[in-house]
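Welcome! Please take a look at the model below, and then we can walk through it together, one topic at a time.

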Amino acid sequence: MKSTGVVRKLDKEGRIVLPKPLRKLLELSIDDPIEILLDEKNIVLRKYSPIPACIITGEISDQNITFKNENIALSPKGLKVILKELENMKIEI
């Protein structure tokens, strides 16, 4: 993960405010849904998309293919990356 250098305190209701430059960088607008994820002891916030992001490229597209009960998504480009890696490992499919 990359540090933004931004530190905020929780208010009385447990809320935080994301600074405007960060919202602009992430293309977040008022009323955009934000997904809250846990990564061991870290909280990760990301713009919510009903279409899962590719685990290889991070792309969000309606062309993404999901696997494992929709927990894993691959974009066409991500699938090509995996196939190339498998070819390099001399593993037959």
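Is Leu74 buried or exposed? Leu74 is buried, since its relative accessible area is 7%, and the cut-off for buried is under 20%. Please keep in mind that this is a predicted model.

**Leu74 and its surroundings**

- You will find Leu74 in strand β4, which covers residues 72-74.
- Leu74 and Cys54 are 20 residues apart in sequence, yet their C-alpha atoms are 4.4 Å apart in space.
- Leaving aside neighbours within four places in sequence, Leu74 is in contact with several residues, among them Cys54, Ile55 and Ile56.
- That set of contacts also includes Gln63, Asn64, Ile65 and Phe67, as well as Leu79 and Ile82.

- Cys54 sits in the loop that runs between β2 (42-47) and β3 (65-67).
- With a relative accessible area of 4%, Cys54 is buried, because the cut-off for that word is under 20%.
- Ile72 is 18 residues from Cys54 in sequence, while the C-alpha to C-alpha distance between them is 7.5 Å.
- Apart from neighbours within four places in sequence, Cys54 is in contact with Glu59, Asn64, Ala73, Leu74, Ser75 and Gly78.

- Which backbone atoms lie 2.9 Å from a polar atom of the Asn64 side chain? One is the backbone oxygen of Pro52, and another is the backbone oxygen of Glu59.
- Residues up to four places away in sequence are not counted here, but Asn64 touches Pro52, Ala53, Cys54, Glu59, Leu74, Ser75 and Pro76.

- Ser75 lies in the loop between β4 and α2 (76-88).
- Ser75 is buried, as its relative accessible area is 1%.
- A polar atom of the Ser75 side chain lies 3.0 Å from the backbone nitrogen of Gly78.
- Not counting residues up to four places away in sequence, Ser75 touches Cys54, Thr57, Glu59 and Asn64.

**Helix α2**

- How many residues does α2 have? It has 13, and it reaches 19 Å from its first C-alpha to its last.
- That reach is close to the 18 Å expected at 1.5 Å a residue.
- An α-helix has 3.6 residues a turn, so residues three or four places apart point the same way.
- After α2 comes Lys90, which has a positive phi near 60°.

- Strands β1 (residues 34-39) and β2 pair in the antiparallel sense, over 6 bridges.
- As one example of this pairing, the bridge partner of Ile34 in β2 is Lys47.
- There are 2 residues between the strands of this hairpin, and Glu40 takes a positive phi near 55° there.

**Two glutamates with a positive phi**

- Most residues other than glycine have a negative phi.
- Glu40, in the loop between β1 and β2, is a residue other than glycine with a positive phi near 55°.
- Is Glu40 buried or exposed? Its relative accessible area is 76%, so Glu40 is exposed.
- Glu27 is not a glycine either, and it has a positive phi of about 55°.
- Glu27 is found in the loop between α1 and β1, and it counts as exposed at 60% relative accessibility.

**The largest pocket**

- The volume of the largest pocket is about 920 Å³.
- There are 27 residues lining this pocket, and the closest to its centre are Thr4, Leu18, Leu22, Ile43 and Leu45.
- Which elements give two or more residues to the lining of the largest pocket? They are α1 (20-25), β1 and β2.
- The largest share of that lining comes from β2, which gives 6 residues.

Technical notes:
Residues numbered from 1 in each chain as written. Predicted model: local features only at pLDDT ≥ 70, side-chain atom pairs only at ≥ 80, totals over all residues. Heavy atoms only, no water. Helix = DSSP H or I, 4+ residues; strand = E, 2+ residues; numbered from the N terminus. Buried < 20%, exposed > 50% of the residue type's maximum accessible area, 1.4 Å probe, protein only. Contact = heavy atoms within 4.5 Å. Polar contact = N/O pair within 3.5 Å; in protein donor to acceptor, adjacent residues only side chain to side chain. Expected span 1.5 Å × (residues − 1). Pairing = 2+ DSSP bridges. 1 Å grid on protein atoms, 1.4 Å probe; cavity = no way out; pocket = protein on both sides within 12 Å on 5 of 7 lines; lining within 4 Å. Points joined across faces, edges and corners; volume = space filled by probe spheres on them.
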